Amino acid sequence: MFSFFKKKKPQEPEEGVKNRVYDYEDVTPLMYYFEQETGITFGQQKNILKSKLTLFCKTNDIYSFTTLLNSTKSDAKMKQELMNLLTTNETYFYREFSQIRSVVEHVQKRASSAPIKILCAPCATGEEPYSIAIALFEAGVGVEFSITGIDINSEALQKAKEASYSKRHMGSMDERLVQRYFKLEDTQYKLSEKVKQRVSFEQKNIFESEFTALGKFDYVFSRNMLIYFDKATKLKAKSILESMQNDPSVGVFFGHADLF
Ligand SMILES: C[S@@+](CC[C@H](N)C(=O)[O-])C[C@H]1O[C@@H](n2cnc3c(N)ncnc32)[C@H](O)[C@@H]1O
């Protein structure tokens, strides 16, 4: 009997696909490339890196780590996707607040009324530079100030610009301040324009010359990034960040875990 339901022929693999070798074994070349580009070392976490990259490859139809490495080197978009995937952007408002307090006190004691410039490198999703702005407003400092936040992760910077946060990101900030500087919409805390206007964001890698081209700053924060670097890279980063201070006697504010 004639049937309308013809059996489907198994699909022929596309030209070139037939001989593909799926290979997600040796992650070392990718690990070294990433270390060289960002300073971030994986050492003990090599297996975590391997599983993250295997999943990334399978989701994006990339059939081997070698192919991924080659396209990362030749395709800026792919490189950025990898940076976004492999950097850790955990942060929250009023984190390690004692350092922010000491900057506010320092600003209050300044003899000059010249505008001040503050750098947060890195800023991740923006909570740190915004916390500094809120603390300066709260102290009623008379001088003009501007804060620049930089990070290598473009998705984190996009969130920083949106300045819309969940409760988890409010950290230890006093409820009174939350009410004063945020508007709660559904579950999101939207930061006031007054604070947003004082902070600008730029995508930079601290090891590239575009970063130092930002110039010098009165206060430099660099917290919870160096923990991901090895000793030699920490020292290199430290000297780059120190070179960006207007007054070296102030010192760069590193995170408590960024031990040298
Ligand atoms: C854990 S966050 C720290 C954020 C904030 N400073 C804090 O202490 O809460 C670390 C950030 O460092 C950024 N980062 C890592 N290597 C970098 C590099 N070479 N240049 C710029 N940013 C980098 C990551 O993208 C990440 O957002």
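Is helix H6 largely enclosed by the rest of the structure or exposed, and how many of its 13 residues are buried? Keep that in mind as you load the model.

This is a predicted model, where local features need pLDDT of at least 70, side-chain atom pairs count only at pLDDT 80 or more, and totals for chains, interfaces and linings use all residues. Residues are numbered from 1 along each chain as its sequence is written, and side-chain values use heavy atoms, with hydrogens and water left out.

**Stop 1: helix H6**

Select residues 127-139. This is helix H6, with 13 residues. Helices (H or I, at least four residues) and strands (E, at least two) are DSSP runs, numbered from the N terminus. From first C-alpha to last, H6 reaches 18 Å, close to the 18 Å expected at 1.5 Å a residue. The expected span is 1.5 Å times one less than the number of residues.

Now the opening question. In H6, 11 of the 13 residues are buried, so the helix is largely enclosed by the rest of the structure. Buried means under 20% relative accessible area, exposed means over 50%, and partly exposed lies in between (1.4 Å probe, protein chains only). Among the buried residues of H6 are Tyr130, Ile134 and Phe137. Step past the end of the helix to Gly140, where phi is positive, near 65°.

**Stop 2: the nonpolar cores**

Select Tyr130, Ile134, Met173 and Phe182. In the largest nonpolar core, which has 39 residues, these four touch the most other members. H6 gives this core its largest share, seven residues. A nonpolar core is a set of buried Ala, Val, Leu, Ile, Met, Phe, Trp, Tyr and Cys residues joined through side-chain atoms within 4.5 Å.

Center on Met173. Leaving aside neighbours within four places in sequence, Met173 is in contact with Phe93, Tyr94, Ile134, Val178 and Phe182. Contact means heavy atoms within 4.5 Å. There is also a second, separate core of 38 residues, including Phe42, Leu86, Ala121 and Met244.

**Stop 3: H1 against H4**

Select residues 28-38 for H1 and 76-86 for H4. Two packed helices are described by the angle between their axes and the distance between the axes. Here the angle is about 90°, and the axes are 12 Å apart. Axes are lines fitted to C-alpha atoms, for helices over the stretch in contact, and angles run from 0 to 180 degrees between N-to-C directions. H1 and H4 are therefore roughly perpendicular to each other. Angles of 65 to 115 degrees count as roughly perpendicular, under 35 as roughly parallel, over 145 as roughly antiparallel and the rest as oblique.

Show the side chains. Leu30, Tyr33, Phe34, Glu37 and Thr38 in H1 meet Lys79, Leu82, Met83 and Leu86 in H4. The residues of this contact divide into six nonpolar, one polar and two charged. Ala, Val, Leu, Ile, Met, Phe, Trp, Tyr, Cys and Pro count as nonpolar, Asp, Glu, Lys and Arg as charged, and the others, Gly among them, as polar.

Pick out Met83 in H4. Met83 is buried, with a relative accessible area of 6%. Beyond neighbours within four places in sequence, Met83 is in contact with Phe34, Glu37, Thr38, Ile152 and Asn153.

Next, select Asn205, in the loop between strand E6 (199-203) and helix H10 (209-212). Asn205 counts as buried at 7% relative accessibility. Not counting residues up to four places away in sequence, Asn205 touches Glu37, Thr38, Ile152 and Phe211.

**Stop 4: backbone exceptions**

Most residues other than glycine have a negative phi, and most peptide bonds are trans. Where does this model depart from that?

Select Ala163, in the loop between helix H7 (154-162) and strand E3 (164-165). Its phi is positive, about 55°, although it is not a glycine. Ala163 is buried, with a relative accessible area of 2%.

Then select Asp186, in the loop between strand E4 (182-185) and strand E5 (188-191). Asp186 also has a positive phi of about 55°. At 79% relative accessibility, Asp186 counts as exposed.

Last, find Pro122, in the loop between strand E1 (116-120) and H6. The peptide bond from Ala121 to Pro122 is cis, with omega near 15°.

**Stop 5: two distances**

Select Leu55 in helix H2 (residues 46-59). Leu55 counts as exposed at 58% relative accessibility. Leu55 and Tyr24 are 31 residues apart along the chain, and their C-alpha atoms are separated by 9.7 Å.

Finish at Arg20, in the segment before H1. Arg20 counts as partly exposed at 28% relative accessibility. Arg20 and Glu185 are 50 Å apart in space, C-alpha to C-alpha, and 165 residues apart in sequence.
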